[in-house]
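Subject: Structure handover and notes

Dear colleague,

Please find the structure below, followed by my notes on what was found in it.

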Amino acid sequence: MANEAIPVSPQSHEANVTELQRYLREISMSGANVRPVIPDGLYNEQTAAAVADFQRMKGLPQTGETDRVTWNAILDTYYDIISNLSEQIGVKPLPTVKTVLAPGDRGTAIIILQAMLNTLAGLYMNIPPNSLSGVYDSDTVKAVTEFQTISGLTPTGETDIRTWNALAGLFDAISALEGEL
């Protein structure tokens, strides 16, 4: 029967309840259908409701109480989530490696391209800033051409996979350095 003891309950120490609430909040923020809870150390109606949401999601009896089975399921789910947060997933806005972005093109990939170029424009005087219009316009062509020249790529003004990867690599390196400051 000791195995069925409630590890976290309304009578539990505040630190234990806070830990449960932090796990539930992370699970909620991951997109699970579990209402968010504020880690305040109080096993109140909001905490019980979030536990019940979690239990429903996992097919457990919806008691709102954190028994051993619920606690272990919360821990397993939490650890799965944080293990998936240890690495970022890269954004790949180009449909294929053969895609070439060129003057007149429009869309999300162009906005991302322009944002990366603007970041570099703040560090390289030769790269002109451009607006985040989502349109591959003459300012974008100038910035891409200058970046290609600086990077030792053939300066075409168009963004092929070599240009994209060189730009993204430099952008990532700059972002990593900024994170260390």
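The chain has 6 helices and 0 strands, where helices (H or I, at least four residues) and strands (E, at least two) are DSSP runs that are numbered from the N terminus. Read from the N terminus on, the order of the elements is α-α-α-α-α-α. Two remarks on provenance belong here: this is a predicted model, in which local features need pLDDT of at least 70 and side-chain atom pairs count only at pLDDT 80 or more, while totals for chains, interfaces and linings use all residues. Residues are numbered from 1 along each chain as its sequence is written, and side-chain values use heavy atoms, with hydrogens and water left out.

For the chain as a whole, 34% of the 181 residues are buried; buried stands for under 20% relative accessible area, exposed for over 50%, and partly exposed for what lies in between (1.4 Å probe, protein chains only). The chain exposes about 10,900 Å², of which carbon and sulfur atoms supply 54%, the areas coming from the Shrake-Rupley method with a 1.4 Å probe, and for residues only the protein chains shown count as cover. Where contacts (heavy atoms within 4.5 Å) in the chain are between residues at least 6 apart in sequence, 44% of them join residues at least 24 apart.

Aromatic pairs

The structure holds 3 aromatic pairs. Rings of Phe, Tyr and Trp (its six-membered ring) pair if their centres lie within 6.5 Å, and planes under 30 degrees apart count as stacked, over 60 as edge-to-face and the rest as tilted. In one of these pairs, the ring centres of Tyr23 and Trp71 are 5.9 Å apart with the planes at 45°, so the pair is tilted. This pair links distant parts of the chain, since Tyr23 belongs to helix α1 and Trp71 to helix α3 (residues 68-84), 48 residues apart. Tyr23 counts as buried at 5% relative accessibility, and Trp71 also counts as buried, at 11%. Tyr23 forms a tilted aromatic pair with Tyr78 as well, at 4.2 Å centre to centre and 35° between the planes. Because Tyr23 lies in helix α1 and Tyr78 in helix α3, that pair ties together parts that are 55 residues apart in sequence. Both Tyr23 and Tyr78 are buried. Tyr23, Trp71, Tyr78 and Tyr79 form one aromatic cluster.

Salt bridges

The structure holds 2 salt bridges, a salt bridge being a side-chain nitrogen of Lys or Arg within 4 Å of a carboxyl oxygen of Asp or Glu. Arg35 forms one with Asp53, and their closest N and O atoms are 2.6 Å apart. Arg35 lies in the loop between α1 (14-29) and α2 (45-58) whereas Asp53 lies in helix α2, so the pair ties together parts that are 18 residues apart in sequence. Asp53 counts as buried at 4% relative accessibility, whereas Arg35, at 42%, counts as partly exposed. Arg56 also forms a salt bridge with Asp53, with the closest N and O atoms 2.5 Å apart. Both Arg56 and Asp53 lie in helix α2, 3 residues apart, which is about one turn of the helix. Arg56 is partly exposed, with a relative accessible area of 44%. Through shared partners, the salt bridges join Arg35, Asp53 and Arg56 into one network.

Helix α5

Gln148 lies in helix α5 and counts as buried at 1% relative accessibility. The side chains of Gln148 and Thr163 are joined by a polar contact of 2.9 Å; such a contact is a pair of N or O atoms within 3.5 Å, of which, within protein, one must be able to donate a hydrogen and the other to accept it, and residues adjacent in sequence count only if both atoms are side-chain atoms. Leaving aside neighbours within four places in sequence, Gln148 is in contact with Leu153, Thr154, Pro155, Thr156, Gly157, Glu158 and Thr163.

Thr149 is found in helix α5 (residues 138-151), and at 44% relative accessibility Thr149 counts as partly exposed. The side chain of Thr149 reaches the backbone oxygen of Thr145 at 3.0 Å. The C-alpha atoms of Thr149 and Asn126, which are 23 residues apart along the chain, are separated by 9.8 Å.
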